[in-house]
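Visitor: I'd like to learn how to read pockets in a protein. Can you walk me through it?

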Amino acid sequence: MDKPIDNRAWFLALPVVLIVAFNAIVPLMTVVNYSVQDTFGNNEFFWNGIGWFQELLDPTTDLGGRFFDSLGRNALFSAIILAIEVPLGVLVGLCMPKKGPGVAFTLVVMALPLLVPWNVVGTIWQIFAREDIGLLGWIVNHLGIDYNYTLGPLSAWITIVTMDVWHWTSLIALLSYAGLRSIPDAYYQAAKIDGASRFAVFMTIELPKLRRVLLIGVLLRFMDSFMIYTEPFVVTGGGPGNSTTILSIDLVKLALGQFDLGSAAAMSIVYNLIILAACWLFYTVMTNVDADRDATRVEA
Amino acid sequence: MAKIELKNLAHSYKPNPSQPSDYALKPMNMTWEQGGAYALLGPSGCGKTTLLNIVSGLVKPSQGQIFFDGQDVTALPTEKLNIAQVFQFPVIYDTMTVYQNLAFPLKNRHVPASAIDARVKEVAKMLDLERDLGRKARGLTADMKQKISLGRGLVRADVGAILFDEPLTVIDPHMKWQLRAQLKRVHEQSNVTMVYVTHDQTEALTIADKVIVMYDGEVVQIGTPQELFERPAHTFVGYFIGSPGMNVIAAEVAGDVARIGQHQITLNRAVTAPAGAKKIELGIRPEFITLNGAADGIPVKVKRVEDTGRFQIARVELEGMPLAVIMPEDARIDGDVARLSVDKKHLHVYADGHLVEG
């Protein structure tokens, strides 16, 4: 079929190009612009080349040291919440009722934390965990355990991790629940006939069938926890000291607290690249899992 | 190895069944001999799968008992029964190889590794899976997966019966014949009792020695394929088995004379319909009717003739009731009236759907 070719049609794409330019490319380019310059105020800028990046990526400098410290804390935070939320979410998903009136009730209860806005979650826990007026903090302290998230780094970490687990385990639980519901009954019946134990059923049927939803769940939780800002900011503000200063909090301190636009811009770009790289990694792993499946099918 | 007996077995999915229509499975008694091949044949929703799931212990019956070799196993859990089941959709363990799949039931029962190995290889040989033992089960075709499910049943030395729940539904037509043949061979080699659920009469008739026809939660006939064809115990059997199915005509019967409207047919025996029967019918298969064979035949209206390639089916009308007649390829009918005669040996009388003996 002959299609008429008229290059004027490109004008129809212009609105989209403009919108994307103004909401993504232009702001990003200002960041790139700042990252290669230095300023001493008065809106005067000096060319700095890749100086900020060199400093940022060198752990021996002040800027580099601080960047790698918060990067490390961020990685630790993500690792801890993934290690808790994924197994816990799967466990909750396994325990949720499969039929009866309990289904709707459980689903609503599980979805509730997901519907609470971030800063509200932060405020709830900020008050809940206070040792003087917060129910949790007060009880824990009266049990004889020294707990104060404004003074003890360990207490602060426990608070923000617990808060994230409270907020987001539901997501993994709901994903697993949906995944589990899609397994046909025949699998369980066959496993019964084959004499499989409950644990064997989990390992040989449920876990393999959950693999894809769990990959998505891990991806979402990793991204979110790596970019998290509001909740820990409201609760600890990065403290005590710098003990809960993760990348996003550090970036805001640098850019809006100290107004070091050049180094903050460089940090934003590196932060952005790390997340892009992680995305790409997950994407590759996920598509490779599928490719592996397709390859065996073709062979068959 | 097991002989399976069902005694007064019935099942209802409702908690308090009060009338016959509440039962998915109406009370039945049946014996499946050790080493036999049985087919449960019936339309969707007739209770075949329920019966199968009861025998495999996945569903507990509302009443009645199941005996394996004389031992009451009604209350035993599935994993304690020496029963294996192959499901409609292939169930395999995705992450395992073919070998591990076959070994799985034995591993769960703590069989020593050397015995597992020997048994798996033996079964793989029987099923023609030897070359694929090392492959991941995930990527295999549906027919291979179904063979693996079957293999997981065969591999257990203690297995007394293998139940098949429409196992060829998702298999390509050209593979179906192959698998059926292989199934028959495996049955001969293994001496395991096989119970095969299907709604496909060809499948039932080719695989089983005995076919159990079910209709609306009830067993209406148990018999060899030939018995089902020649003496259907219920009009449903006559209609369900054979293509086209048996002709059923409303009639009145007195002694050895049957009246269809104004016409009369003399039966080859005297028949007494049970008292109180509401509906008397005559059943005759299209194969046993001849058109224009005898001068004293009953006149019928010929509506049309269909040619199937191997034979012709004449659609005729007798007193407004449609009948099918099978004619040889070379037969010709002139005009739209023909004279119909029947092979009286194959003419059956039914009262309320059930065959009247006599």
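Visitor: What volume does the second largest pocket have?

Guide: This is a predicted model, where local features need pLDDT of at least 70, side-chain atom pairs count only at pLDDT 80 or more, and totals for chains, interfaces and linings use all residues. Residues are numbered from 1 along each chain as its sequence is written, chains are lettered from A and ligands numbered from 1 in the order written, and side-chain values use heavy atoms, leaving out hydrogens and water. On a 1 Å grid over the protein atoms alone, a pocket is an open set of points where a 1.4 Å probe fits, with protein on both sides within 12 Å along at least five of seven lines. Volume is the space filled by probe spheres set on the points, which are joined across faces, edges and corners. Here, the second largest pocket comes to about 170 Å³.

Visitor: Which residues are closest to its centre?

Guide: Lining residues have an atom within 4 Å of a point. This pocket has 10, and Ile265(B), Asp296(B), Leu340(B), Ser341(B) and Lys344(B) sit closest to the centre.

Visitor: Which strand gives the largest share of that lining?

Guide: Strands are DSSP runs (E, at least two residues), and helices are too (H or I, at least four), numbered from the N terminus. E19(B) leads with three residues.

Visitor: And how much space lies in the largest pocket?

Guide: About 550 Å³. Its lining has 19 residues, with Lys98(A), Asp185(A), Tyr188(A), Gln189(A) and Lys192(A) closest to the centre. H8(A) gives the most to this lining, five residues.
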